[in-house]
Amino acid sequence: MTASRLDLTGWVRNREDGDVEMEVQGDEGPVEEFIQAVSRGPRYAIVEDMERRKLIPEPGERSFHERGSLW
């Protein structure tokens, strides 16, 4: 997984409307590399739009993991 390779923490989950929501934490360079990879998407995916917001990091995150889907 790209996030693990880049030593990032956070989470990803599928939303009921088909969107994917994620939060990623780490150093600026690796986060930017992750965003570039996400903007291309995995095979057969179509990335139409991305929204970025700066957030206060969640304390205690130690890995990048999947959260339960919202559906």
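Visitor: Which residues are linked in a network of salt bridges?

Guide: Arg13, Arg15, Asp17 and Glu21. Keep in mind that this is a predicted model.

Visitor: What makes the contact of Arg15 and Asp17 a salt bridge?

Guide: Their side chains meet with N and O 4.0 Å apart. The cut-off is a Lys or Arg side-chain nitrogen within 4 Å of an Asp or Glu carboxyl oxygen. The stated 4.0 Å sits at that limit, and the pair is listed as a salt bridge.

Visitor: Why is Arg15 called partly exposed?

Guide: Its relative accessible area is 34%. Partly exposed is the range between buried, under 20%, and exposed, over 50%. Arg15 therefore falls in that range.

Visitor: And Asp17: buried or exposed?

Guide: Exposed, because its relative accessibility is 53% and the class begins over 50%.

Visitor: How many salt bridges does a search of the whole structure find?

Guide: The search finds 6. One of the pairs is Arg52 with Glu32.

Visitor: What makes Arg52 and Glu32 a salt bridge?

Guide: The closest N and O atoms are 2.6 Å apart. The limit is 4 Å, so the pair qualifies.

Visitor: Which parts does the pair of Arg52 and Glu32 tie together?

Guide: Arg52 lies in the loop between α2 and β3, while Glu32 lies in helix α2, so the pair ties together parts that are 20 residues apart in sequence. The loop runs between α2 (28-40) and β3 (64-66).

Visitor: Why is there also a polar contact between the side chains of Arg52 and Glu32?

Guide: The polar contact is 2.6 Å. The cut-off for such N or O pairs is 3.5 Å, so this distance is within it.

Visitor: Which residues does Arg52 touch, leaving out those up to four places away in sequence?

Guide: Glu32 and Ile35.

Visitor: Why is Arg52 called exposed?

Guide: Its relative accessibility is 54%. Exposed means over 50%, so Arg52 counts as exposed.

Visitor: What makes Glu33 and Arg5 a salt bridge?

Guide: Their side chains meet at 3.5 Å, N to O. Glu33 lies in helix α2 and Arg5 in helix α1, so the pair ties together parts that are 28 residues apart in sequence.

Visitor: Is Arg5 buried or exposed?

Guide: Exposed, because its relative accessible area is 57%. For Glu33 the value is 41%, so Glu33 is partly exposed.

Visitor: How many residues apart in sequence are Arg52 and Arg5?

Guide: They are 47 residues apart in sequence and 21 Å apart in space, C-alpha to C-alpha.

Visitor: What stands out about the phi of Asp7?

Guide: Its phi is positive, about 60°, although Asp7 is not a glycine. Most residues other than glycine have a negative phi. Asp7 is found in the loop between α1 (2-5) and β1 (9-14). At 66% relative accessibility, Asp7 counts as exposed.

Visitor: What is the phi of Tyr44?

Guide: Tyr44 has a positive phi near 75° and is a residue other than glycine. Tyr44 is found in the loop between α2 and β3. Its relative accessible area is 75%, so it is exposed.

Visitor: Why does Thr9 count as buried?

Guide: Its relative accessibility is 16%. Buried means under 20%, so Thr9 qualifies. Thr9 lies in strand β1. Beyond residues up to four places away in sequence, Thr9 touches others, including Val24, Arg62 and Phe64.

Visitor: What space lies in the largest pocket?

Guide: About 1,700 Å³. The pocket is lined by 40 residues, with Val20, Met22, Val38, Met50 and Glu51 nearest its centre.

Visitor: Which element supplies the largest share of the lining of the largest pocket?

Guide: That is α2, with 7 residues. Each of α1, β1, β2 (20-25) and α2 supplies at least two lining residues.

Visitor: Where does UniProt place the feature "domain: Acylphosphatase-like"?

Guide: The unreviewed UniProt entry places it at residues 1-68. Over residues 1-68 the chain is 25% helix and 22% strand, and the end C-alpha atoms are 18 Å apart.

Notes. Residues numbered from 1 in each chain as written. Predicted model: local features only at pLDDT ≥ 70, side-chain atom pairs only at ≥ 80, totals over all residues. Heavy atoms only, no water. Helix = DSSP H or I, 4+ residues; strand = E, 2+ residues; numbered from the N terminus. Buried < 20%, exposed > 50% of the residue type's maximum accessible area, 1.4 Å probe, protein only. Contact = heavy atoms within 4.5 Å. Polar contact = N/O pair within 3.5 Å; in protein donor to acceptor, adjacent residues only side chain to side chain. UniProt positions renumbered as here; feature names shortened; annotations may be inferred. 1 Å grid on protein atoms, 1.4 Å probe; cavity = no way out; pocket = protein on both sides within 12 Å on 5 of 7 lines; lining within 4 Å. Points joined across faces, edges and corners; volume = space filled by probe spheres on them.
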